[in-house]
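This report covers the disulfides and the chain interface of the entry below.

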Amino acid sequence: MKRILTLSVILAALAAVPSFAQRKASIENVPNIPYSSAPNLLKLPPGEYLGESVAVATNSKGHIFVYHRSANTRLFEFDQAGNFVKEIGSGYYGFEFAHSVRVDKDDNIWTVDEGTNMITKFGPDGKVLMVLGRRPPAVLGVQAAPAGPNQPSQKYIFCRPTDVGWDPQGNIFISDGYCNNRVVKYDKNGRFLAQAGSEKAGSALGEFNLPHGLQVDGQGNVWVADRSNFRYQVLDNNLKPMREITNLGVGWTVCISAGPHQYAFMSNSNPNGNMPGSWDITGEIYKAELDGTVIGKFGHAGKLAPGFQVVHMMDCRNPNEIVVGEIESWRVQKLILRPAAAEAGAAR
Amino acid sequence: MKHPMTRRLIQALLAAILSAGVPANAQKEAPEIRFDSAPNALQLPAGVYLGEVGGVATNSRGDIFVYTRTGHPTVTTGTARPFAHGGSRLFQFDHNGKFVGEIGKDSYGFMFAAQVRVDPKDSIWVVDQMTNMVIKFDPQGRVALLLGRKAESVPVPARQAAGNGAGQPTDLFDRPTDVAWDAAGNIFVADGLGNARVAKFDKEGKFVKSWGKKGSAPGEFANVRSIAVDAQGNVYAADGGNKRIQVFDNDGNFKTAFTNVGNAQALCMTKGPNQFVYVSNSNPPDDIDHDGEIYRMRLDGTMTGKFGRAGKLLKEFGTVNAIDCRDENTLYVGEIGNLRVQKLALH
């Protein structure tokens, strides 16, 4: 009896550890894009530290927002030169465990918090303009992990949501998340319109298994990093699946650049928990046209810059300046790409 | 396009139904009240944020008090028992909405904001749903009277269904939600979501009696979400789960119930000679596509108007938990869903 108990405890512990899932990208002959990492990008005031830098975004002025897991989850703003500007949301109810920050076309700052299950829209001045989702009430006490099956997903309640994006009309799209497995669409005023997927994980098109990152392109199509299905899915604006991309390793996070010619950046991040050799087959970031044609790759796993220790999120407002936030190195890097050199190299 | 004849016929039919004593859906008949919501009603300094607003109330100078859930309580680990503290704050603003300061910072009794009310002498009363305390601050912000007691530690993980709803006749609370006073200063506590009763104390805090228990019969409650007392000392208890307001005399004898108010979650009794009640048919936090409107009714239960709906924009409401109506046409409304206070001007 005791042995059974011990075994079940071990099994439970195994089920709880972070996923070691990794996959070597099957795509071949992708040209390398030369790049360099800007040294000492962010200047923190004395006594301030970044924690796990899971989320990073820039606004139209080039200011860099870092939503990170410090002792408390915090949101810092830096200017384009990396000087600390201010903190937003200090002590705010919707901050518990950072997952994503994105900046919309009007420079509003949106945070996605998987500890509070809340998505918050801050104005450029840092005032709360809108919230989506609700934090489970504290009065219910410390909750044990749910023993039973997932509850059916609800229109306005999330379960460890992961990311947010907008189409040109301002409709809101949310990937939700670690315990639901869906993408939800709201109008710009926060009213539910549609969802794809459900609370249950699945692998068919239009189903998800840990939708971990999301962005919307200029046509209103929705790109989802479907992490535990080792793929990206592209959905139309009404969340009907259009296609999948399955040859870029694990689908950690996706970024769509701004401007008339958009590119998609997709990260085959090395996992949390690395087996020997995993650095050799993971960690790179792919650059693709919106039709899915991969045109280059850059970067590699590594503890020291310019290596990446688990890229969690990318900002690619400028497709030649990629700002990446890393989980395990508590660091933000700005990568200066020189794609022309790659094209010249490929032509040789 | 409706023919006027048809409309008259419908009105006549409705009148007949009403006079026949059939429970009518008065919600649809209350006239719409036009109103506006002031943008930036409260100006928060940098680094101060409202969380879910449990309560909002004004004093006689028009100062505004907001009791809000600013974070989750912190539980210590590695101790013999898990202790919990923090999670809610009480902010004060002047009548222009300018931030004045904070009362009760780091108070032992602040964990999960339920309500704040200001009594006729401008004392500020805070109700906390997790420490199970009602705290009276004098106008200078000093603790003047305490009701209930915070549990020494919290169970980890949480036990199922705290609160048996038995309406325990003691002076301890189980998830209280609101407080009110009669003209003599007697204190009435809505208790609440764990218990399902109203508790009466005299003005010095001596426990007098309580009434109600879990149920749906007259005098029973699904829960007591809000409470108000009129000038005659009658007690109005918002029994949201049973979709009604129950009215009792000053000793808790059941008088009547208003069943046309939806999920009554927040009550406010106006102060003038012709008193009336505002009541919110609050939408649940997981749904903004239904309900959410606020009703104005006479003390006999007659609806005289309604306004608003659920949503996230100004003039829309996200689970209203508090209404202040010191000025009966200028309301402060505290929302759980939208983490804000709106200042409404009714026309």
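B:Cys268 is buried, at 6% relative accessibility, and B:Cys325 is buried at 1% (buried: under 20% relative accessible area, exposed: over 50%, partly exposed: in between; 1.4 Å probe, protein chains only). A disulfide (cysteine sulfur atoms within 2.5 Å) joins B:Cys268 to B:Cys325, with an S to S distance of 2.1 Å. The link is left-handed, with -95° about the S-S bond.

The model is predicted: local features need pLDDT of at least 70 and side-chain atom pairs pLDDT 80 or more, while totals for chains, interfaces and linings use all residues. Residues are numbered from 1 along each chain as written, chains are lettered from A and ligands numbered from 1 in written order, and side-chain values use heavy atoms, without hydrogens and water.

## Disulfides of chain A

A:Cys255 and A:Cys316 form a disulfide with sulfur atoms 2.2 Å apart. A:Cys255 is buried at 3%, as is A:Cys316 at 0%.

The sulfur atoms of A:Cys159 and A:Cys179 are 2.0 Å apart in their disulfide. A:Cys159 is partly exposed at 25%, whereas A:Cys179 is buried at 18%.

## Interface

The contact (heavy atoms within 4.5 Å) takes 34 residues from chain B and 32 residues from chain A. B:Tyr49, B:His72 and B:Lys312 supply 26% of the area that chain B buries against chain A (buried area: accessible area, 1.4 Å probe, lost by two parts on being put together, summed over both).

The interface has 4 salt bridges (a side-chain nitrogen of Lys or Arg within 4 Å of a carboxyl oxygen of Asp or Glu). One of them pairs A:Arg191 with B:Asp289, the closest N and O atoms being 3.4 Å apart.
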